[in-house]
Amino acid sequence: MSLPLPCADLASAVIAHPCPLLFLDTAAILDILRVPFRHELQVDIVDSAATIVDEALADPRRVWLVTSANVVQEFEGRRDYVMDELNARIRDLNLSIARISSVAKIAFPERRISWVDLPELKLPQRIQGIMDRLVDSMVIFRGTAACVGRARDRLWAGLPPASKAKQEFKDCEIFEEFLELVSLIRSQGFTPPAIFVTPNKEDYGPAPDGHPQIASDLAGLGASYAANLSWAWALIRPRAV
(Lines give C-alpha, C1' and ligand atoms only; values in the text may rest on other atoms or scores of the structure.)
Protein backbone atom coordinates (compact mmCIF):
# COMPACT_ATOMS: atom_id res chain seq x y z
CA MET A 1 0.00 0.00 0.00
CA SER A 2 1.39 3.37 -1.04
CA LEU A 3 1.88 6.34 1.27
CA PRO A 4 -0.95 8.90 1.17
CA LEU A 5 -0.67 11.62 -1.45
CA PRO A 6 -1.82 15.19 -0.94
CA CYS A 7 -5.20 15.65 -2.59
CA ALA A 8 -3.76 18.07 -5.16
CA ASP A 9 -1.09 15.55 -6.21
CA LEU A 10 -3.67 12.82 -6.77
CA ALA A 11 -5.84 15.27 -8.71
CA SER A 12 -2.89 16.07 -11.01
CA ALA A 13 -2.29 12.37 -11.63
CA VAL A 14 -5.96 11.78 -12.41
CA ILE A 15 -6.07 14.71 -14.82
CA ALA A 16 -2.96 13.38 -16.57
CA HIS A 17 -4.61 9.99 -17.13
CA PRO A 18 -8.40 10.52 -17.12
CA CYS A 19 -10.58 7.44 -16.64
CA PRO A 20 -13.45 6.49 -14.29
CA LEU A 21 -12.74 7.08 -10.61
CA LEU A 22 -14.07 4.91 -7.79
CA PHE A 23 -13.75 6.00 -4.16
CA LEU A 24 -14.32 3.12 -1.70
CA ASP A 25 -15.23 3.52 1.95
CA THR A 26 -14.35 0.96 4.63
CA ALA A 27 -17.56 -1.05 4.42
CA ALA A 28 -17.30 -1.34 0.62
CA ILE A 29 -13.89 -2.98 1.00
CA LEU A 30 -14.80 -5.28 3.90
CA ASP A 31 -17.97 -6.48 2.16
CA ILE A 32 -15.70 -8.60 -0.05
CA LEU A 33 -15.08 -10.76 3.05
CA ARG A 34 -18.74 -10.65 4.10
CA VAL A 35 -20.21 -11.99 0.84
CA PRO A 36 -20.14 -15.69 1.91
CA PHE A 37 -22.18 -15.11 5.09
CA ARG A 38 -24.36 -12.06 4.42
CA HIS A 39 -27.16 -13.19 2.17
CA GLU A 40 -28.20 -9.66 1.26
CA LEU A 41 -24.84 -9.09 -0.50
CA GLN A 42 -24.52 -9.89 -4.19
CA VAL A 43 -22.18 -12.81 -4.87
CA ASP A 44 -20.67 -11.04 -7.86
CA ILE A 45 -19.18 -8.38 -5.59
CA VAL A 46 -16.14 -10.68 -5.33
CA ASP A 47 -15.85 -11.09 -9.10
CA SER A 48 -16.35 -7.36 -9.64
CA ALA A 49 -13.60 -6.60 -7.13
CA ALA A 50 -11.15 -8.80 -9.03
CA THR A 51 -12.14 -7.25 -12.36
CA ILE A 52 -11.84 -3.67 -11.08
CA VAL A 53 -8.36 -4.40 -9.75
CA ASP A 54 -7.31 -5.68 -13.19
CA GLU A 55 -8.64 -2.44 -14.69
CA ALA A 56 -6.76 -0.36 -12.11
CA LEU A 57 -3.48 -2.20 -12.72
CA ALA A 58 -3.72 -2.17 -16.52
CA ASP A 59 -1.13 -0.21 -18.47
CA PRO A 60 -2.45 2.31 -19.16
CA ARG A 61 -4.89 2.14 -16.26
CA ARG A 62 -8.58 2.03 -17.09
CA VAL A 63 -9.88 2.84 -13.58
CA TRP A 64 -8.73 5.02 -10.72
CA LEU A 65 -9.33 3.10 -7.50
CA VAL A 66 -8.87 5.55 -4.65
CA THR A 67 -9.60 6.11 -0.99
CA SER A 68 -8.46 8.35 1.84
CA ALA A 69 -6.03 7.71 4.67
CA ASN A 70 -8.98 7.88 7.05
CA VAL A 71 -10.60 4.90 5.31
CA VAL A 72 -7.36 2.93 5.43
CA GLN A 73 -7.07 3.57 9.17
CA GLU A 74 -10.64 2.34 9.72
CA PHE A 75 -10.05 -0.67 7.48
CA GLU A 76 -6.92 -1.74 9.34
CA GLY A 77 -8.79 -1.50 12.63
CA ARG A 78 -11.65 -3.75 11.46
CA ARG A 79 -9.99 -6.14 9.02
CA ASP A 80 -9.01 -8.86 11.51
CA TYR A 81 -12.43 -8.84 13.19
CA VAL A 82 -14.26 -9.40 9.90
CA MET A 83 -11.73 -12.04 8.84
CA ASP A 84 -12.29 -13.89 12.13
CA GLU A 85 -16.03 -13.68 11.54
CA LEU A 86 -15.64 -15.18 8.06
CA ASN A 87 -13.49 -18.04 9.38
CA ALA A 88 -16.00 -18.78 12.15
CA ARG A 89 -18.93 -18.82 9.73
CA ILE A 90 -17.07 -21.15 7.35
CA ARG A 91 -16.20 -23.52 10.23
CA ASP A 92 -19.83 -23.62 11.38
CA LEU A 93 -21.07 -24.17 7.84
CA ASN A 94 -18.57 -26.98 7.27
CA LEU A 95 -19.73 -28.76 10.44
CA SER A 96 -23.35 -28.45 9.31
CA ILE A 97 -22.54 -29.82 5.84
CA ALA A 98 -20.64 -32.76 7.34
CA ARG A 99 -23.51 -33.53 9.72
CA ILE A 100 -26.15 -33.34 6.98
CA SER A 101 -24.01 -35.52 4.72
CA SER A 102 -23.70 -38.17 7.46
CA VAL A 103 -27.45 -38.21 7.98
CA ALA A 104 -28.04 -38.34 4.21
CA LYS A 105 -25.80 -41.40 3.89
CA ILE A 106 -27.96 -43.17 6.47
CA ALA A 107 -31.22 -42.04 4.93
CA PHE A 108 -30.17 -42.91 1.37
CA PRO A 109 -27.88 -45.96 1.63
CA GLU A 110 -28.40 -46.72 -2.06
CA ARG A 111 -26.92 -43.39 -3.11
CA ARG A 112 -23.35 -42.14 -3.02
CA ILE A 113 -23.36 -38.92 -0.99
CA SER A 114 -20.41 -36.57 -1.28
CA TRP A 115 -19.74 -33.20 0.30
CA VAL A 116 -17.41 -30.26 -0.16
CA ASP A 117 -14.69 -29.90 2.45
CA LEU A 118 -14.60 -26.11 2.81
CA PRO A 119 -11.38 -25.94 4.88
CA GLU A 120 -9.64 -27.89 2.13
CA LEU A 121 -10.70 -25.23 -0.38
CA LYS A 122 -9.15 -22.49 1.79
CA LEU A 123 -12.00 -20.22 0.74
CA PRO A 124 -11.41 -17.50 3.38
CA GLN A 125 -7.77 -17.19 2.36
CA ARG A 126 -8.70 -16.96 -1.32
CA ILE A 127 -11.29 -14.22 -0.69
CA GLN A 128 -8.87 -12.40 1.61
CA GLY A 129 -6.32 -12.49 -1.20
CA ILE A 130 -8.77 -10.78 -3.57
CA MET A 131 -9.51 -8.10 -0.99
CA ASP A 132 -5.84 -7.52 -0.16
CA ARG A 133 -4.98 -7.21 -3.85
CA LEU A 134 -7.69 -4.57 -4.18
CA VAL A 135 -6.36 -2.65 -1.18
CA ASP A 136 -2.81 -2.82 -2.53
CA SER A 137 -3.97 -1.40 -5.87
CA MET A 138 -5.70 1.63 -4.34
CA VAL A 139 -4.22 5.11 -4.47
CA ILE A 140 -4.41 6.68 -1.01
CA PHE A 141 -4.70 10.41 -0.44
CA ARG A 142 -5.24 12.91 2.37
CA GLY A 143 -7.79 15.67 2.22
CA THR A 144 -6.79 19.17 3.21
CA ALA A 145 -7.49 20.74 6.59
CA ALA A 146 -10.55 22.36 5.02
CA CYS A 147 -12.21 18.93 4.96
CA VAL A 148 -12.09 18.85 8.75
CA GLY A 149 -13.86 22.20 8.97
CA ARG A 150 -16.51 21.21 6.43
CA ALA A 151 -17.02 17.89 8.20
CA ARG A 152 -17.51 19.73 11.49
CA ASP A 153 -20.08 22.03 9.86
CA ARG A 154 -21.89 19.03 8.40
CA LEU A 155 -21.90 17.34 11.79
CA TRP A 156 -23.25 20.37 13.65
CA ALA A 157 -25.97 20.83 11.03
CA GLY A 158 -26.96 17.16 11.29
CA LEU A 159 -26.43 16.60 7.57
CA PRO A 160 -25.85 13.04 6.25
CA PRO A 161 -23.86 10.97 6.82
CA ALA A 162 -24.40 12.52 10.27
CA SER A 163 -27.79 13.23 11.81
CA LYS A 164 -29.16 15.03 14.83
CA ALA A 165 -29.33 11.68 16.62
CA LYS A 166 -26.10 10.14 15.33
CA GLN A 167 -22.74 11.88 15.40
CA GLU A 168 -20.55 10.52 12.58
CA PHE A 169 -17.62 12.92 12.32
CA LYS A 170 -15.24 10.46 10.65
CA ASP A 171 -17.80 9.54 7.97
CA CYS A 172 -18.43 13.25 7.39
CA GLU A 173 -14.71 13.86 6.94
CA ILE A 174 -14.35 10.92 4.55
CA PHE A 175 -17.28 12.14 2.44
CA GLU A 176 -15.86 15.67 2.38
CA GLU A 177 -12.51 14.26 1.22
CA PHE A 178 -14.25 12.64 -1.74
CA LEU A 179 -16.12 15.85 -2.55
CA GLU A 180 -12.88 17.85 -2.35
CA LEU A 181 -11.08 15.52 -4.75
CA VAL A 182 -13.95 15.49 -7.25
CA SER A 183 -14.37 19.25 -7.06
CA LEU A 184 -10.68 19.69 -7.82
CA ILE A 185 -10.58 17.36 -10.82
CA ARG A 186 -13.88 18.64 -12.24
CA SER A 187 -12.53 22.18 -12.10
CA GLN A 188 -9.65 20.99 -14.29
CA GLY A 189 -11.84 19.43 -16.95
CA PHE A 190 -12.19 15.83 -15.73
CA THR A 191 -15.30 14.34 -17.38
CA PRO A 192 -15.31 10.55 -16.70
CA PRO A 193 -17.55 9.09 -13.96
CA ALA A 194 -16.63 9.71 -10.33
CA ILE A 195 -18.39 7.30 -7.97
CA PHE A 196 -18.62 7.13 -4.18
CA VAL A 197 -18.99 3.46 -3.21
CA THR A 198 -20.55 2.56 0.15
CA PRO A 199 -23.13 0.00 1.31
CA ASN A 200 -23.91 2.22 4.32
CA LYS A 201 -27.50 3.08 3.44
CA GLU A 202 -28.30 3.85 7.09
CA ASP A 203 -26.16 6.99 6.99
CA TYR A 204 -26.09 7.81 3.28
CA GLY A 205 -29.56 6.66 2.29
CA PRO A 206 -30.42 3.91 -0.21
CA ALA A 207 -28.69 3.91 -3.59
CA PRO A 208 -28.90 4.94 -6.39
CA ASP A 209 -29.73 8.42 -5.13
CA GLY A 210 -29.21 8.28 -1.37
CA HIS A 211 -30.44 10.85 1.11
CA PRO A 212 -31.55 14.07 -0.65
CA GLN A 213 -28.59 15.97 0.83
CA ILE A 214 -26.14 13.31 -0.38
CA ALA A 215 -27.80 13.29 -3.80
CA SER A 216 -27.54 17.07 -3.99
CA ASP A 217 -23.88 17.12 -2.97
CA LEU A 218 -22.99 14.49 -5.57
CA ALA A 219 -25.13 15.94 -8.36
CA GLY A 220 -23.48 19.31 -7.90
CA LEU A 221 -20.19 17.71 -8.94
CA GLY A 222 -21.56 15.29 -11.52
CA ALA A 223 -20.71 12.37 -9.20
CA SER A 224 -22.63 9.17 -8.47
CA TYR A 225 -23.35 6.83 -5.58
CA ALA A 226 -23.05 3.03 -5.75
CA ALA A 227 -24.00 0.59 -2.99
CA ASN A 228 -21.25 -1.95 -3.73
CA LEU A 229 -18.46 -2.88 -6.11
CA SER A 230 -20.78 -4.85 -8.38
CA TRP A 231 -22.98 -1.79 -8.82
CA ALA A 232 -19.96 0.46 -9.34
CA TRP A 233 -18.55 -1.84 -12.03
CA ALA A 234 -21.92 -1.89 -13.80
CA LEU A 235 -21.78 1.92 -13.98
CA ILE A 236 -18.33 2.08 -15.61
CA ARG A 237 -17.74 -1.17 -17.48
CA PRO A 238 -17.24 -0.88 -21.25
CA ARG A 239 -20.39 -1.60 -23.23
CA ALA A 240 -20.34 -3.73 -26.36
CA VAL A 241 -20.97 -1.69 -29.49
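Which residues does Ala-232 touch, not counting residues up to four places away in sequence? The answer is Leu-22, Ile-195, Val-197 and Ala-226, where touching, or contact, means heavy atoms within 4.5 Å. Ala-232 sits in helix α11 (residues 229-236). Helices here are DSSP runs of H or I with at least four residues, strands are runs of E with at least two, and both are numbered from the N terminus. With a relative accessible area of 0%, Ala-232 is buried; buried stands for under 20% relative accessible area, exposed for over 50%, and partly exposed for anything in between (1.4 Å probe, protein chains only). Ala-232 and Leu-24 are 208 residues apart in sequence, yet their C-alpha atoms are 9.9 Å apart in space.

A word on the ground rules. This is a predicted model, in which local features need pLDDT of at least 70 and side-chain atom pairs count only at pLDDT 80 or more, while totals for chains, interfaces and linings use all residues. Residues are numbered from 1 along each chain as its sequence is written, and side-chain values use heavy atoms, with hydrogens and water left out.

Now for the overall picture. The chain has 11 helices and 6 strands, and its C-alpha atoms fill a box of roughly 70 × 45 × 35 Å along the principal axes. Out of 241 residues, 47% count as buried. Take the contacts in the chain with a separation of 6 or more: 76% of them come from residues 24 or more positions apart.

The axes of α2 and α6 come within 8 Å and cross at roughly 160°; axes are lines fitted to C-alpha atoms, for helices over the stretch in contact, and angles run from 0 to 180 degrees between N-to-C directions. The two helices are therefore roughly antiparallel. On this scale, angles under 35 degrees count as roughly parallel, over 145 as roughly antiparallel, 65 to 115 as roughly perpendicular, and the rest as oblique. On the α2 side, the contact is made by Ile-29, Leu-30, Ile-32 and Leu-33, and on the α6 side by Ile-127, Gln-128, Met-131, Leu-134 and Val-135. By class, that gives 8 nonpolar, 1 polar and no charged residues. For these classes, Ala, Val, Leu, Ile, Met, Phe, Trp, Tyr, Cys and Pro count as nonpolar, Asp, Glu, Lys and Arg as charged, and the others, Gly among them, as polar.

Helices α8 (residues 169-186) and α10 (212-219) pack at an angle of about 25°, with their axes 10 Å apart. That makes α8 roughly parallel to α10. In this contact, Phe-175, Phe-178 and Leu-179 of α8 meet Ile-214, Asp-217 and Leu-218 of α10. The tally by class is 5 nonpolar, no polar and 1 charged residues.

Then there are the aromatic rings. The structure holds 8 aromatic pairs: rings of Phe, Tyr and Trp (its six-membered ring) pair if their centres lie within 6.5 Å, and planes under 30 degrees apart count as stacked, over 60 as edge-to-face and the rest as tilted. Phe-23 and Phe-141 have ring centres 6.1 Å apart and planes at 70°, so this pair is edge-to-face. The pair links distant parts of the chain, with Phe-23 in strand β2 (residues 21-24) and Phe-141 in strand β4 (residues 139-142), 118 residues apart. Phe-23 is buried at a relative accessible area of 0%, and Phe-141 is buried at 0% too. For Phe-178 and Phe-196, the centres are 5.3 Å apart and the planes at 55°, so the pair is tilted. Phe-178 lies in α8 and Phe-196 in strand β5 (residues 194-197), so the pair ties together parts 18 residues apart in sequence. Phe-23, Phe-141, Phe-175, Phe-178, Phe-196, Tyr-204 and Tyr-225 form one aromatic cluster.
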